[in-house]
Amino acid sequence: MVALRRRIGLTWSMDEVVAGNRVAWEQASSKHVREYDDLLEQARSGDSLFEREHELLARVLAERPVVVHLQSGHGLDDVSLVRAGAQRVVGVDYSSVAATAAQRRATELQVSCRYVVAEVPGVPLADACADLVYTGKGALIWMRDIDAWAQDVARVLRPGGHVFVYEAHPAVPLWTWDADEPRIRPDRSYFAESHINDTFPANGAQEWQWTLGEIVTAITAAGLHLKVLEEYAEPFWRPQDDTNAAAWSGRLPNSYALLARRPL
């Protein structure tokens, strides 16, 4: 399996890494509390899904699916999914700060979303409980075992259900933020197992790296049938300080979408 090389020598220290990442995310998620009113207004009047997400999910959302959102963060995507047709959304996130703020927003907006605080994989939800698993936008980099993640996705999907990922391209850790021309960071490798995050949420958080091939292989090995795999030049996230890196100018991959289906 793809993640076998990652599990060789796996010890309790890996759990310590996850615990450290969780602390970093609890601290980072306080931003969702400080900016609660702004995020509430965005959820009330805006749409956090990208146009291509709407296009790729149109047929799925037309069926009024029950959605499980793995690593749901601030929850704005969940509100948008309900408004786009989802019957209800269950968000799963290991940050209690993020999940609590997201639940409060959903309750105020009277949208059918509920939140569970839990690590992914190991989601404490019943088998075959979802028609759609939605995830991404900074999610898979926190997965220490991509095979276990894909198997968890397949487990919670009903036969005929879909998984949709809209995520940063695995090559993104290589790009510098130089404004004049695209460059590759000399301290990063596409094939590295992990690196220390030095942007958001930082605080020494460790990101795992999975190539696009490893992600697709994990999905298919879990028994899911790949339907769509697209790569985009536009990043899904930019910092709010007007940074405009040349790596985002259209020449390099910065995000991708994946849609797969559990067979009937």
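Q: Which residues touch the most other members of the largest nonpolar core?
A: Keep in mind that this is a predicted model. Its largest nonpolar core has 36 residues. Strand 1, strand 2 (88-93), strand 4, helix 7 (146-156), strand 5, helix 8 and strand 9 each supply at least two residues of this core. The members that touch the most others are V68, L70, V92, V133, W149 and V163.

Q: Which element gives the largest share of this core?
A: Several helices and strands supply at least two residues each, among them strand 1, helix 7 and helix 8. The largest share amounts to six residues, and they come from helix 7.

Q: Which residues is W149 in contact with, leaving aside its neighbours within four places in sequence?
A: W149 is among the residues that touch the most other members of the largest core. With its neighbours within four places in sequence set aside, the contacts of W149 are L70, V120, P121, T135, L140, M143, V165 and I219.

Q: In the open sheet of seven strands, which strands are the edge strands?
A: Let's walk across the sheet: the strand order is 3-2-1-4-5-9-8, and the pairing is mixed. An edge strand pairs on one side only.

Q: Which residue in strand 4 is the bridge partner of V68?
A: Strand 1 (residues 66-70) pairs with strand 4 (residues 130-136) over three bridges, in the parallel sense. V68 finds its bridge partner in strand 4, and that partner is V133.

Q: At about what angle to strand 9 does helix 8 run?
A: Helix 8 (residues 212-221) lies across strand 5 (157-168), strand 8 and strand 9 (255-261). Relative to strand 9, helix 8 runs at about 15°.

Q: How far apart in space are G160 and L264, C-alpha to C-alpha?
A: G160 lies in strand 5. Leaving aside neighbours within four places in sequence, G160 is in contact with R261, R262, P263 and L264. G160 and L264 are 104 residues apart in sequence, yet from C-alpha to C-alpha the spacing is 4.9 Å.

Q: Which residues of helix 5 are buried?
A: Helix 5 (residues 76-83) is mostly covered, with seven of its eight residues buried. Here buried means under 20% relative accessible area. By that cut-off, the buried residues of helix 5 are L76, D77, D78, V79, S80, L81 and V82.

Q: Which residue with a positive phi follows helix 5?
A: Helix 5 spans residues 76-83. The residue that follows helix 5 has a phi near 135°, and it is G85.

Key:
Residues are numbered from 1 along each chain as its sequence is written. This is a predicted model: local features need pLDDT of at least 70, side-chain atom pairs count only at pLDDT 80 or more; totals for chains, interfaces and linings use all residues. Side-chain values use heavy atoms; hydrogens and water are left out. Two strands pair if DSSP finds at least two bridges between them. Helices (H or I, at least four residues) and strands (E, at least two) are DSSP runs, numbered from the N terminus. Contact means heavy atoms within 4.5 Å. Axes are lines fitted to C-alpha atoms, for helices over the stretch in contact, and angles run from 0 to 180 degrees between N-to-C directions. A nonpolar core is a set of buried Ala, Val, Leu, Ile, Met, Phe, Trp, Tyr and Cys residues joined through side-chain atoms within 4.5 Å. Buried means under 20% relative accessible area, exposed over 50%, partly exposed in between (1.4 Å probe, protein chains only).
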